[in-house]
Amino acid sequence: MQSFNIVVYVFAAIIVASAALVAFSRNLVYSAFALLFTFFGVAGIYVMLSADFLAAVQLLIYVGGILVLIIFAVMLTHRISDVEISNQSLRPAQGALILIGIMAVLLGVIFKTQWSLEGQLEYQATTALIGDLLLKKYLLPFEIVSVLLLAALMGAAVIVRKEVRGEQSGGKS
Amino acid sequence: MELIDYLPIFILLIIAVLFVGGTILVSHMVGRRKYGKEKMSPYESGMIPVGDARRRFSVKFYVVAILFVIFDIEVVFMYPWAVIFKKLGVFGFVEMMIFIAILLVGFIYIWKKGALEWA
């Protein structure tokens, strides 16, 4: 299992290094781009933990969708061209408080979790198993998910229309 | 699926990284550097760029991105369904049709609302 550990540590190093770049980069565009490698590293860890479907979803949703959303959000900010101030540190006192809180939770999890899963992991294709559970045992939640997506869709449409109308208020109507 | 089955993907990734890195490195070391006004333009012998590349995007792109993420999630739910589709038979087909029908309502709604229009 030596090579297994090496690969896991490589992915962990990618995650930590790129996450540090996200946090410390002065330029928001670089931060958003570094997030790509963080998401990718997490997908790698999912694969190593025998969660292959989750890894595919991670790539599809986070790398393919959320990241695009974040990059668009960055491109929408009006001070995008001011590299110097595009990622300043704001309110260090409140930030430290949140940091302590998150660290407490994380440390609790770190010390409680059994990390070594040697010999316990069973590698198998999970997609069919998930599909089986989703369409039989958890059928109602599955259908409710589509209602949730519908709500998100409508919410987006409502917000968008307001936005566009606000933009046009100086124009024709 | 054993972990060893991912080895081709891993090798592909390593080759991709080495290829890109190697190409940049070699062109950096071997290539001659001559800078001119024309050469440093973003599209040499191409269109003359208008304005700054780092200017703000229109909010319309963001709307498209949000809608894309929602339909992306819908596709994710289709994967496990498609894998066991034959095993499920008609029952599974009806289940997914209900799922899609509910989202189709939303699709028609945003269509009628004009969120898809590039106006």
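**Entry 1: chain A, layout and confidence**

Which pattern does chain A follow, read along the sequence? I read it as α-α-α-α-α-α, and I count 6 helices and 0 strands in chain A, where helices (H or I, at least four residues) and strands (E, at least two) are DSSP runs numbered from the N terminus. I note for the record that this is a predicted model, in which local features need pLDDT of at least 70 and side-chain atom pairs count only at pLDDT 80 or more, while totals for chains, interfaces and linings use all residues. Residues are numbered from 1 along each chain as its sequence is written, and chains are lettered from A and ligands numbered from 1 in the order in which they are written.

I looked up the confidence next, taking pLDDT as the predictor's confidence in each residue, from 0 to 100. Chain A averages a pLDDT of 82, with 83% of the residues scoring at least 70. Where pLDDT is low, the predicted coordinates should not be read in detail. For the model as a whole I noted ipTM 0.71 and pTM 0.75.

**Entry 2**

Among contacts in chain A between residues at least 6 apart in sequence, 58% join residues at least 24 apart.

In helix H5 (residues 127–137) of chain A, the buried residues are A:Ile130, A:Gly131 and A:Leu135. They cover an arc of only 110 degrees around the axis, which puts them on the same side of H5(A), the arc being that of the directions from the helix axis to the C-beta atoms. A:Lys136 also has its place in helix H5 of chain A, but it counts as partly exposed, with 14 C-beta neighbours inside 10 Å.

I then looked at A:Ser50, in the loop between helix H2 (28–48) and helix H3 (52–76) of chain A. Its phi is near 65 degrees, a positive value in a residue other than glycine. Most residues other than glycine have a negative phi. A:Ser50 is partly exposed, with 19 other C-beta atoms within 10 Å.

**Entry 3: chain B**

Chain B has 4 helices and 0 strands, in the pattern α-α-α-α. Its radius of gyration is 24 Å, well over the 14 Å that the globule rule gives for 119 residues, so chain B is more spread out than a compact globule; the radius is taken over C-alpha atoms, and the rule is 2.2 Å times the number of residues to the power 0.38. The C-alpha atoms of chain B fill a box of roughly 65 × 50 × 20 Å, taken along the principal axes, and 11% of the 119 residues count as buried. The mean pLDDT of chain B is 84, and 93% of its residues reach 70 or more.

B:Met47 lies in the loop between helix H1 (7–30) and H2 of chain B, and it counts as exposed, with 8 C-beta neighbours inside 10 Å.

**Entry 4: where the chains meet**

How many residues of chain B are in contact with chain A? I find 42, against 44 residues of chain A. Helix H2 (59–83) and helix H4 (90–113) of chain B each supply at least two residues of the side that touches chain A, and H2(B) gives the most, with 19 residues. This side of chain B divides into 31 nonpolar, 3 polar and 8 charged residues, where Ala, Val, Leu, Ile, Met, Phe, Trp, Tyr, Cys and Pro count as nonpolar, Asp, Glu, Lys and Arg as charged, and the others, Gly among them, as polar.

The largest nonpolar core has 10 residues in all, including A:Leu153, A:Val160, B:Ile66 and B:Ile110; such a core is a set of buried Ala, Val, Leu, Ile, Met, Phe, Trp, Tyr and Cys residues joined through C-beta atoms within 7 Å. Helix H6 (139–168) of chain A and H2 of chain B each supply at least two residues of this core. Apart from it lies another core, of 7 residues, among them A:Leu135, B:Phe77, B:Trp81 and B:Leu103.

How values were computed: Two residues are in contact if their C-beta atoms, placed from the backbone, lie within 7 Å. A residue is buried if 20 or more other C-beta atoms lie within 10 Å of its own, exposed if 12 or fewer, and partly exposed in between; C-beta atoms are placed from the backbone.
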